[in-house]
Amino acid sequence: MTEVFNFAYLFLNNAAFLLLSALGLVIILGMMDIINLAHGELIMMGAYVTTIAYQAGVPFVIAPVFAFAIVGIFGVIIERLFIRRFYGRELGALVLTWGISLVMSQGIRIIFGSSMKPIPTPLGSFSIGDYSYSYYRLLLIALGVLLLVCIWWIYNRTSFGLHARATMQNPDMARTLGINTRRIYMYTFGLGAALAGLTGALFAPTTHISPLMGQQFVVPAFIVVVIGGTAGVFSGVAGSSTLLSLIQTPVGVAYGAYLGLIVLLVAALVIIRVLPNGVSSFLQRWGDALSERRQGAVGK
Amino acid sequence: MRRLLQLLSGPQEIGHGAAFWLGLALTCALLFALPVIAGFGVIIDFSYLLHVIPLALGLSLLWGYGGVLSFGQVAFYGAAGYTYGVIGGNLVGIPGATLIASAGALLAVAILALIFGYFVFYGRVQMWIIPILTLVLTLVFETFMNQTAGLAWRVGDVMLGGYNGMTGIPSLQIGDLVFFGNAFYYLVLALVVVSYLLLRVLVNSHFGHVLVASREDDLRTEVLGYDIRRVRLIIFVVSAILAGLSGLLYVLWGNFITPSTMGIVAAVLPVVWVATGGRDSLLAVAIAAFGLSYLQSELASAGSQYALVIMGGLLIVAMTFFPKGIIVSLARGRLFGRRRQHATTTHTSPEVESREAP
């Protein structure tokens with residue numbers, strides 16, 4: 001029983017990490033077709049904002065709000081200055097954001113040095129059997145799910161979300177109908193950046209804060225997004241982080257975190273060979289088939 | 001012969017006419033004469049600056065002509081260096097060992113690229129995913145090599161060396177001739193010139209036109225009967241071999257290699273060279289690679305923290321304001337301005353369509 005709980009904890013923990021890393025990225029990619037390679041550095045920036053706020057005496061519960069807001073505003077500025085010139089040029093945007101990420105990580109290193117004083121992990125821990133668990137990690141799992149639901153709600157139940165989805169499907173038609181697509185793109189990029197900042201803030205107490213910390217997030221995040229595909233943004237990111245965690249967790253437990261990462265890459269290559277359009281299109285086809293069968297049954 | 005000359009001077013590359021070729025020949029002659037006028041230190045430095053050009057040309061072929069962006073060129077660079085070190089270190093004393101090791105290194109890189117490329121191109125992965133997968137490949141390689149410290153990680157007589165890298169890699173030797181100093185410089189220079197000219201022929205050949213067509217409109221190219229998966233796999237392997245060649249020259253130059261040659265910093269440099277030079281011009285890319293390597297090594301030896309900020313900034317400026325590349329924009333504006341009308345680089349050309357499929 002304790003073994004089962006232990007595995008479930010590790011599995012959910014990994015899945016939450018993958019989900020939170022990828023959330024901001026997938027919004028920007030799914031809605032705007034912009035591959036944001038500076039995503040890891042936005043996460044890093046969020047962690048720095050949180051740490052600085054915390055050292056200045058802001059309680060940890062409030063510090064992530066700062067990270068969300070400041071990184072979000074930074075994202076809007078970047079979008080206005082550079083990203084807007086790259087709509088429709090995926091590879092161009094990708095290289096551009098890589099340049100931005102380099103400048104950010106080295107800039108942070110020049111300003112703040114190569115590491116920051118860590119934030120202690122809040123909330124303490126409990127133990128079952130021989131294993132010890134952190135309440136904070138459990139909170140992160142819950143927050144990951146909550147955020148996903150919130151974003152889903154924003155994009156599916158608000159007028160902003162409706163306009164954003166219309167812009168995604170057909171920008172010209174959306175413009176014709178009076179939607180300010182430039183503003184939609186700006187807000188979407190800002191929201192994606194803000195979520196990256198929030199992710200950085202949430203993981204700040206659990207990791208070593210350095211200018212290169214973005215790397216540890218950005219590789220898994222991109223694998224999640226690549227495997228998820230863009231057919232359905234939310235089903236993709238949820239499905240692929242679950243699937244990848246299911247693959248990575250046992251390997252990571254048995255052979256260590258490094259091999260877990262290798263398996264992630266190999267799994268990505270193989271899954272992409274089998275499902276070129278990602279988990280989301282598979283889920284979509286599966287869902288379609290299910291509802292068709294149900295309709296068929298009703299028809300009889 | 002005439003056909004070859006036509007291919008050399010085809011429309012897919014800047015620089016045509018007698019003046020251009022005379023200039024190029026003169027530059028090469030000067031470079032070949034350099035050991036006569038310059039000292040040992042300069043020759044060592046020039047060997048280093050020139051050795052990156054095949055890597056840059058490979059990325060130019062892949063990204064500029066083929067539209068396939070790879071951040072994994074340095075992975076092939078490092079893989080070739082390490083493979084040479086492992087084979088060469090184990091065959092010490094056997095005649096021709098270093099030649100075998102060189103061939104083995106390039107072969108290993110080609111096989112690696114073939115396997116990786118098969119999954120990517122035959123899986124019909126979307127184009128934006130390829131840079132990400134190749135970046136992950138690079139980072140995985142670097143992380144792997146970083147943790148190979150200690151006696152557990154030895155291949156035969158050779159220690160992989162972990163974070164500190166592999167040392168004591170033998171220099172290239174053919175018979176009694178050890179490639180070192182001037183001899184090595186001539187080797188690098190010859191390889192650079194030959195690979196530039198061969199690539200020029202390649203991009204202006206029928207294959208090169210199909211390649212550019214697949215960049216411009218992959219669906220149309222496929223409908224015309226070309227297998228773009230194969231075309232892309234071939235240039236991926238070719239560019240990996242070119243990157244491997246640079247990596248090989250690097251270990252032959254310095255007799256050591258560290259995992260940081262495959263790090264994120266190393267991975268970004270080829271992209272900066274190619275974007276700054278102008279990705280669909282081989283010559284511009286070669287010039288940019290040479291010049292920016294010089295800048296990078298000057299900044300590094302001055303201990304400046306701003307090297308990466310400058311490289312990143314250059315990337316942002318080049319992508320935002322000079323999408324065709326800074327050097328190409330300069331060249332179009334002044335040097336080759338008058339000759340350029342008949343030969344645009346986005347030349348998807350009716351010629352391709354009028355020819356029969358192979």
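The model is predicted, so local features need pLDDT of at least 70 and side-chain atom pairs count only at pLDDT 80 or more, while totals for chains, interfaces and linings use all residues. Residues are numbered from 1 along each chain as its sequence is written, chains are lettered from A in the order in which they are written, and side-chain values use heavy atoms, leaving out hydrogens and water.

**Where chain A meets chain B**

- Chain A puts 35 residues into the contact and chain B puts in 42 residues (contact means heavy atoms within 4.5 Å).
- Together the chains bury about 3,800 Å², with 82% of it on carbon and sulfur atoms; buried area is the accessible area (1.4 Å probe) that two parts lose on being put together, summed over both.
- Zero salt bridges turn up between chain A and chain B (a side-chain nitrogen of Lys or Arg within 4 Å of a carboxyl oxygen of Asp or Glu).
- On the side of chain A that touches chain B, the elements giving two or more residues are helix 4 (90-112), helix 9 (214-228) and helix 11 (257-274) of chain A; helices are DSSP runs (H or I) of at least four residues, and strands (E) of at least two.
- Helix 4 of chain A gives the most to that side, with 14 residues.

**A hairpin in chain A**

- Strand 1 (residues 125-128) and strand 2 (residues 131-134) of chain A pair antiparallel over four bridges (pairing takes at least two DSSP bridges).
- Ile128(A) has Tyr131(A) as its bridge partner, while Ser125(A) has Ser134(A).
- Two residues sit between the strands, and Gly129(A) in this hairpin takes a positive phi near 60 degrees.

**Rings that pair up**

- Over all chains, the count is 25 aromatic pairs (rings of Phe, Tyr and Trp, using the six-membered ring of Trp, with centres within 6.5 Å; planes under 30 degrees apart are stacked, over 60 edge-to-face and the rest tilted).
- Phe32(B) and Tyr186(B) count as stacked because their ring centres are 5.8 Å apart and their planes at 15 degrees.
- That pair links helix 2 (residues 17-37) and helix 8 (residues 182-204) of chain B, 154 residues apart.
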